[in-house]
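Subject: Structure for you to look at

Hello,

Here is the structure I promised to pass on. Please open it first, then read my notes below.

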Amino acid sequence: MSEPDPAAVRAALMSQRIETPSWAYANSGTRFKVFAQPGVPRTPEEKLDDAARVHEHTGVAPTVALHIPWDKVEDYGALAAYAKERGLRLGTINSNVFQDDDYKLGSVTHPDAAVRRKALDHLLECVDIMDATGSRDLKLWFADGTNYPGQDDIRARQDRLAEALTAVRDRLGPDQRMLLEYKFFEPAFYTTDVPDWGTAYAHCLKLGPKAQVVVDTGHHAPGTNIEFIVALLLREGRLGGFDFNSRFYADDDLMVGAADPFQLFRIMHEVVGGGGLEDDAGIAFMLDQCHNIEPKIPAIIRSVMNVQEATAKALLVDREALESAQRSGDVLGANAVLMDAYNTDVRPLLAQVREESGREADPVAAYHRSGWAQKITEERKGGQQAGWGA
């Protein structure tokens, strides 16, 4: 048996990239209340300033996802240049067809053709923005669904969805793709039009290689084996990316790894085993979280570190020993191989990786010493803080 090559493990960790979401730097909360914090960004540019701090201290977060219209600006090319000046790139463009009164009964699946056209026009506008920012991915999540039996024709809504997705696919450029997200409920409580990975996968199959499934780790029913879904989509070449977060009850959007770090490890174990860390796999690893009561930037840094730790443990799995135990039917032995990797303290390894890349061993401590929190608290006074306004 041979344990993983330490140099290869370090190289894989150094090359890992985790995208942070612009909205995580803004005020957020529950449907009852948004809690404002001092120093929160007021503009997309200030969000990028904060994201640059995360990347400076972690070294693995060079891209920032935008949400339209939350990050709407007059000149997206200029915003991309602003990001580049700070060592960043603009990443995934996230559409928003769930916060307009017209979408009460759905967006692209709405029974009214005029509302469907409005929603589709927004999606196509997002592709225009991708052209300006140089973004590869368009993230599509639909709150569409019904609350009561008989409210609408379930099959007709799938037809409308397919029509809209086809129009978006046809508009994409040669190096662009669409990531279809699913969520099993909320805000629709009887039927959700894209409730699970199977529905998303079925649409993506018909759309072709430009359409991939994205897995939000908070969008599953309790007890769902998410790593099975990940393994299957990897096997089929249809895993486009992740929205990493944690949940205790439903779509809680807590920090990734907070609720069940062992689940995050199991997911990353399947990613590593399926070649998902390779560049040609094309998997976008992104955070999608709401930092309601905790300070934003330290929480995002900690979230990046949590993904790194789960990845490091997955890379340390002795796969030769695992395969040997699996072939021989050694159930406990195979499980022990996984548990040995999971129980490894990888923090010294990651500290070494950061120091080898010219960064401090502890990103959170480095951030607190930087004085950035005090700086933005003092400078960002007045104006309207960014947030989603619940």
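Predicted model: local features only at pLDDT ≥ 70, side-chain atom pairs only at ≥ 80, totals over all residues.

W141 is buried: its relative accessible area is 16%, and the cut-off for buried is under 20%. F98 is partly exposed, with a relative accessible area of 27%.

The structure holds twelve of them. One is formed by F98 and W141, with ring centres 5.2 Å apart and planes at 65 degrees, so this pair is edge-to-face. F98 sits in the loop between strand 3 (89–94) and helix 4 (113–133). W141 sits in the loop between strand 4 (137–140) and strand 5 (145–146). The pair therefore ties together parts that are 43 residues apart in sequence. Both residues also belong to a cluster: ring pairs link W23, W70, F98 and W141.

How are the rings of F244 and F285 arranged? Their centres are 6.3 Å apart and their planes are at 10 degrees, so the pair is stacked. F244 belongs to strand 9 (residues 239–244) and F285 to strand 10 (residues 284–287), so parts 41 residues apart in sequence are tied together. F244 is buried, at a relative accessible area of 0%. F285 counts as buried too, at 8%.

Two charged side chains sit over rings. R86 lies over the face of Y82, 3.4 Å from the ring centre. K118 has its charged end over the ring of Y103, 5.6 Å from the centre.

Now the core. In soluble globular proteins, nonpolar side chains tend to be buried together. Here the largest nonpolar core has 98 residues. Within that core, F142, F242 and F244 touch the most other members. Helix 9 (residues 296–315) gives the core its largest share, ten residues.

What does F142 touch, leaving aside its neighbours within four places in sequence? Its contacts are V97, S107, V108, L123, L161, L165, L180 and V194.

Helix 12 (residues 347–356) is worth a look as well. Its buried residues include L349, L350, A351, V353 and R354. Just after helix 12, G358 takes a positive phi of about 85 degrees.

Last, the chain as a whole. The protein chain has 14 helices and ten strands. Its radius of gyration is 21 Å, close to the 21 Å that the globule rule gives for 390 residues, so the chain is as compact as a globular protein of that length. Along its principal axes, the C-alpha trace spans about 65 × 55 × 40 Å. Of the 390 residues, 54% count as buried. Among contacts between residues at least 6 apart in sequence, 78% join residues at least 24 apart. The chain exposes about 17300 Å², and carbon and sulfur atoms supply 52% of that.

Best wishes

Methods
Residues numbered from 1 in each chain as written. Heavy atoms only, no water. Core = buried A, V, L, I, M, F, W, Y, C linked by side-chain atoms within 4.5 Å. Buried < 20%, exposed > 50% of the residue type's maximum accessible area, 1.4 Å probe, protein only. Helix = DSSP H or I, 4+ residues; strand = E, 2+ residues; numbered from the N terminus. Contact = heavy atoms within 4.5 Å. Phe/Tyr/Trp six-rings, centres within 6.5 Å; stacked < 30°, edge-to-face > 60°. Lys NZ or Arg CZ within 6 Å of the ring centre and 35° of its normal. Rg over C-alpha atoms; globule rule 2.2 N^0.38 Å. Areas by Shrake-Rupley, 256 points an atom, 1.4 Å probe, with all protein chains shown as cover.
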